[in-house]
Amino acid sequence: MAPYSPPTGNRLGKTRLDFNENTVGCSPKVIEFLRNKLTAEKLSVYPDYTSVKKTLAAFFKIAENELLLTNGTDEAIQVLINTYIDDNDQVIVLTPSYAMYRFYAEVAGARITEVPYLPPKVEFPIDSLLHAITLQTKAILISNPNNPTGTAVGLDAVVAILKAAPHAAVLIDEAYYEFCGITALPLIGQYPNLFVSRTFSKVYGMAAMRMGCLFSQADNVRFLHKAQSPYSVNTLAALAAEAAVADTEFAANYAKEALAARELLRAGLEKLGIEQAPSAANFILGYFGTRAIEIRDALREKAILVRDRSYEIPGGVRITAGTCEQARQVLDELERIW
């Protein structure tokens with residue numbers, strides 16, 4: 001296996017446009033809630049998920065037994081793989097896509113089939129994916145919208161995949177749902193092979209908390225619990241999640257700002273003659289040719305962090321859409337460098 005070592009060191013205090021986080025921080029009401037609820041006794045007791053499960057089930061409009069709390073989306077992927085995948089089982093992933101799909105599948109000893117996004121506009125390869133499904137396929141892992149391309153896929157394609165692979169666990173990872181509005185969550189009652197994940201690391205600004213959710217039919221969730229540590233989500237994350245979903249105005253306002261910033265980035269890159277992939281998420285993938293690493297390093301010298309993806313996408317640099325002010329800041333620097 002190739003080690004996965006994201007460049008997460010020494011990022012505080014800089015313009016963080018490299019990991020698609022909320023670039024302004026979580027809701028102030030989350031901090032206030034933690035201060036009011038956190039006690040020495042609460043830290044000495046193993047986590048109690050009764051309240052947060054009830055709150056999140058009501059927020060996501062599902063039953064409590066259709067919800068699994070996870071330590072970020074990463075654990076959601078890991079638990080699903082650990083539950084349903086054995087040595088040499090086939091797992092289908094798209095490429096390029098989130099590295100943790102391949103990571104956990106490799107750890108499980110799976111046989112991985114990669115289906116590439118279609119150039120030049122990195123369109124979702126529905127025909128190729130359907131063709132790749134076999135009777136040996138045990139899991140299909142899809143990010144919607146996709147990271148790092150920003151590509152989104154409609155529900156018609158999701159349903160086609162679910163129907164083509166009724167024997168496989170189909171994960172729709174909706175980490176960027178709040179920026180695109182497409183969700184498969186209402187379909188879990190109809191399709192027993194559907195799993196949907198959400199995270200609190202993006203729009204809610206709680207990446208440090210490692211909080212996520214995995215949704216599926218109740219029978220599936222009972223099996224998932226068997227492959228999960230009983231206390232993998234810490235008390236602070238559970239408390240913060242309750243406060244985060246209560247402040248719907250904060251999340252909506254940040255998503256609106258990020259989408260406006262994305263449009264500024266799109267127009268600014270186009271003005272500079274820099275091609276880009278169409279994005280339905282809170283980031284843009286630009287094609288900087290042979291200068292990708294040079295651009296990343298030059299921006300880093302100005303304390304602006306962007307993510308080089310040229311190691312898997314020729315010339316690719318991913319830029320998070322945070323605030324409009326941050327978008328203008330990175331575009332000003334790019335004009336000077338480019």
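Mentor: Start with a definition: helices (H or I, at least four residues) and strands (E, at least two) are DSSP runs, numbered from the N terminus. This is a predicted model, where local features need pLDDT of at least 70 and side-chain atom pairs count only at pLDDT 80 or more, while totals for chains, interfaces and linings use all residues. Residues are numbered from 1 along each chain as its sequence is written, and side-chain values use heavy atoms, with hydrogens and water left out.

Trainee: How many helices and strands does the protein chain have?

Mentor: The protein chain has 13 helices and 11 strands.

Trainee: What radius of gyration does the protein chain have?

Mentor: The radius is taken over C-alpha atoms, and the globule rule is 2.2 Å times the number of residues to the power 0.38. For 338 residues, the rule puts a compact globule near 20 Å. The protein chain has 20 Å, so the two agree. Its C-alpha trace spans about 55 × 55 × 35 Å along the principal axes.

Trainee: What percentage of the residues count as buried?

Mentor: Buried means under 20% relative accessible area, exposed over 50%, and partly exposed in between (1.4 Å probe, protein chains only). Here 53% of the 338 residues count as buried.

Trainee: Which residues of H4 are buried?

Mentor: First, the general idea: an α-helix has 3.6 residues a turn, so residues three or four places apart point the same way. In H4, the buried residues are Gly72, Thr73, Asp74, Glu75, Ala76, Ile77, Val79, Leu80 and Ile81.

Trainee: What distance does H4 reach from its first C-alpha to its last?

Mentor: The expected span is 1.5 Å times one less than the number of residues. H4 covers residues 72-84, which is 13 residues. It reaches 19 Å, close to the 18 Å expected.

Trainee: Now backbone angles. Which residues join in a cis peptide bond with omega about -5°?

Mentor: Most residues other than glycine have a negative phi, and most peptide bonds are trans. Thr95 and Pro96 are joined by that cis bond. Pro96 sits in the loop between strand S3 (90-95) and helix H5 (99-107). Pro120 is in the loop between strand S4 (111-116) and helix H6 (126-132).

Trainee: What is the phi of Asn20?

Mentor: Near 60°, a positive value in a residue other than glycine. Asn20 lies in the loop between strand S1 (15-17) and helix H1 (28-37). With a relative accessible area of 0%, Asn20 is buried. Ala303 has a positive phi too, near 65°. Its loop runs between helix H12 (292-301) and strand S10 (304-308). Ala303 is partly exposed, at 29%.

Trainee: Which residues is Gly315 in contact with?

Mentor: Contact means heavy atoms within 4.5 Å. Leaving aside neighbours within four places in sequence, Gly315 contacts Gly286, Tyr287, Phe288, Gly289, Ala292 and Ser310. Gly315 lies in the loop between S10 and strand S11 (316-320). Its relative accessibility is 6%, so Gly315 counts as buried.

Trainee: Where is the place of Thr323?

Mentor: Thr323 is in the loop between S11 and helix H13 (324-337). At 14% relative accessibility, Thr323 counts as buried. Not counting residues up to four places away in sequence, Thr323 touches Thr23, Val24, Glu257 and Ala261.

Trainee: What share of contacts comes from residues 24 or more positions apart?

Mentor: Such pairs account for 72% of the contacts with a separation of 6 or more in the protein chain.
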